[in-house]
Amino acid sequence: MKKIEPLVDTQEMVINMGPQHPSTHGVFRVILYLDGETIMDCKPVIGYLHRGVEKLGENLTYPQVQPITDRMDYLASPAYNLGYVGAVEKLMGIEVPPRAEYIRVMINELTRIASHLVWLGTHALDVGAMTIFFYCWREREMVLDLFERYCGARLTTNTFRIGGLQQDIPEGFIEEVQDFINLLPSRIKDYETILTSNRIWLNRLKNVGIISAEEAINLGLSGPNLRGSGVKWDLRKAEPYCGYEKFDFIIPTGENCDSYDRYVIRLEEMRQSIRIIQQTIDGLPGGDIRAKIPKVLKPPVGEIYHRVEAPKGELGFYIYSDGSTKPYRFRVRAPSFVNLQSFATMIKGHLVADVIAVIGTLDFVLGEVDR
Amino acid sequence: MEELLNYFIIPLIMIFVVVGVGAFFMAYCTLMERRVLGFVQSRLGPNRVGPQGLLQPIADGVKLMLKEDVSPAVADKWVFTLAPILSFIPPIVLLAVIPFGTQWTIPGTSITVNLYVADLNIGILYLLAISSLGVYGLILGGWASNSKYSLLGALRAAAQMVSYEVAMGLSIIGVLMIASSLSLVDIVNAQKEMQIWFFIPQCIAFFIFLVSMFAETNRLPFDLPEAENELVAGYFTEYSGMRFALFYLAEYFNMIIVSSVAITLFLGGWMRPFPGVEFLSFLDIIPSWLWFMGKLICFIYLFIWVRSTFPRYRYDQLMRLGWKWLIPLALANILVTGLVMILIQ
């Protein structure tokens, strides 16, 4: 029998998404191989925002490195500051006074709230719910105002100092934080009213971007993305730093390993952050805000890896000291960078619209991916 | 002379009035959308051009007119230019059969006019036929741009509009059965005779029509063809200047058209609420076209409200909703309507 040649044939369509695309959250580029709207394969391309932060760090003194940590995850600068100063303090064996620790925790948890608000706003906007974006921005603005009140800067805060804080909290700051955390639960409820049980939102997020616990661990996921897969791993509990062992909070975990679980978890984390902030306000001790540290910082020869739970996951700082005023080697384990690895696994076989949902659920910041 | 007046001059004036008022209304829909969205989202919206931003549509129009009209080097020039026109004309043509009001005597004169351009006896068929032409504009625009995002948007638009047209057409049939006429004027008159707005006996059809309405006009939650977060801007990604504006305006014109159809078929057209209740007859002082306008504004508000509330469907979910739920439901509605009509007789 003669073989009949089909008159039409199908071709794979290659789409270049980004680096200038409205919803790739910065300069992320992904090359999609499409069959209709189904994704057969994808290639993420990163590096458009590379500034050589780690190399820069080797040419700056220890206090000078801190401002550049602001510019990695610019949505959660204080968390980065906390990780960095923690690493240097551990290297030098500095004990931070309790008042400083409490204020650090307070600012850090405010950061987590701000970062999660940005995530929720942009994620919902990508999926098409426009209003949530403005609501989240409104609340985030309040956090940024608090930062501004505390240290004068809003985004690149450069908040903490090695050994403690630069300045004590200003007068009336506690009351403002209290007002904010009193207000926020009702606002979170508003978001939930719009989204949590919305059919379309459920349809878009349920069973999208599934990653099993085993896969998640193998890929090195951390933060809410890991907890969404049901792994109870939070460095604030697992390896308490900065006095987190003194605070009472729970780690929410998911069951279905999908985008919706990660959404629920992040909302719950905001509520837990509110609880922690309340505890810091209630138990704020008096005393010094800075430990006695030398004028010129010269950590002893040695290396240190210090990790903290940033809003986006496990943030690690590796510093190798040769005894001089500058780190010999400065390396960052950025949570977004590692989390982004799971992108291809999550997206294969799904539709174009899901790319956006998965980009949203991973919650990465290109400043920290590319460094 | 009489014939010339009745068959030529008055319709001509009506056409000018309807298109003029329609365009004016549409321009202010854009302002309304932005202001209402601003209100919902706790921000201001445009309020700088004129009092409360009332001159904003004019400023926007002038801006878009003066913009450079870029067309991509690889685009099919002819089709690229033709597409926005193709998508803009059908809604204007459709305005012809919409009855905006009943006979109205111009105050201070004795001239009585019908507030519609034409009362076609196949009005509904005309509506369905012309409105399905609109999809050509989108698909040709997407194809002629020679861009992948545009193409994807155009494909989505075609699939979506074709499938929801079926649901929309089927949902109308129930109304046609009750009114036993295809003329839009007669359908409103039938609602007057039966003293009930048809959305009460035809509540399922009304619901299906409402959902399909959003899909037909490519509005959230069904704005996949232009999903700006996925496809940049869908089929009009490559368009700019006045050509872009035509697509944009066509969307608003379409909103006005489908709202008008919904009002005519289900919400008593130009009639006041509760047309059968006697003691409300003082409401008849308000001219019929004002009732229509009021209902129309409510519908436009509904469009904006939904836009600010819902996320967007995914392509496959949209198709599933259309084919697996709305169309069977519409068919069942026709069946039930028929049965009930036989039983009543």
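How many helices and how many strands does the secondary structure of chain A come to?

1. The secondary structure of chain A comes to 15 helices and eight strands, where helices (H or I, at least four residues) and strands (E, at least two) are DSSP runs, numbered from the N terminus. This is a predicted model, in which local features need pLDDT of at least 70 and side-chain atom pairs count only at pLDDT 80 or more, while totals for chains, interfaces and linings use all residues. Residues are numbered from 1 along each chain as its sequence is written, and chains are lettered from A and ligands numbered from 1 in the order in which they are written.

2. Chain A has 371 residues and a radius of gyration of 22 Å, which agrees with the value near 21 Å that a compact globule would have; the radius is taken over C-alpha atoms, and the globule rule is 2.2 Å times the number of residues to the power 0.38. Its C-alpha atoms fill a box of roughly 90 × 50 × 35 Å along the principal axes. In chain A, 52% of the residues count as buried, a residue being buried if 20 or more other C-beta atoms, placed from the backbone, lie within 10 Å of its own.

3. Chain B has 10 helices and two strands, and along the sequence they follow the pattern α-α-α-β-β-α-α-α-α-α-α-α. The radius of gyration of chain B is 21 Å, close to the 20 Å that the globule rule gives for 345 residues, so chain B is as compact as a globular protein of that length. Buried residues make up 46% of chain B, and its C-alpha atoms fill a box of roughly 60 × 50 × 45 Å, taken along the principal axes.

4. Within chain A, helix H4 (residues 98–127) and helix H5 (residues 130–151) pack at an angle of about 160° with their axes 8 Å apart, the axes being lines fitted to C-alpha atoms, for helices over the stretch in contact, and the angles running from 0 to 180 degrees between N-to-C directions. H4(A) and H5(A) are therefore roughly antiparallel to each other, a term used for angles over 145 degrees. By class, their contact has 18 nonpolar, two polar and two charged residues; Ala, Val, Leu, Ile, Met, Phe, Trp, Tyr, Cys and Pro count as nonpolar, Asp, Glu, Lys and Arg as charged, and the others, Gly among them, as polar.

5. H5(A) also packs with helix H6 (residues 173–195) of chain A, at an angle of about 170° and with the axes 11 Å apart, and these two helices are therefore roughly antiparallel as well. The residues of the contact of H5(A) with H6(A) divide into 12 nonpolar, one polar and five charged.

6. The axes of H4(A) and H14(A) come within 9 Å and cross at roughly 175°, which makes H4(A) roughly antiparallel to H14(A). Here Thr122(A), His123(A), Asp126(A) and Val127(A) in H4(A) meet residues of H14(A) that include Ile356(A) and Gly360(A).

7. Between the chains, 26 residues of chain A are in contact with 21 residues of chain B, two residues being in contact if their C-beta atoms, placed from the backbone, lie within 7 Å. Strand S1 (13–17), H4, H5, helix H7 (199–205) and helix H14 (352–362) of chain A each supply at least two residues of the side that touches chain B. By class, that side of chain A has 16 nonpolar, six polar and four charged residues.

How values were computed
A residue is buried if 20 or more other C-beta atoms lie within 10 Å of its own, exposed if 12 or fewer, and partly exposed in between; C-beta atoms are placed from the backbone. Angles under 35 degrees count as roughly parallel, over 145 as roughly antiparallel, 65 to 115 as roughly perpendicular and the rest as oblique.
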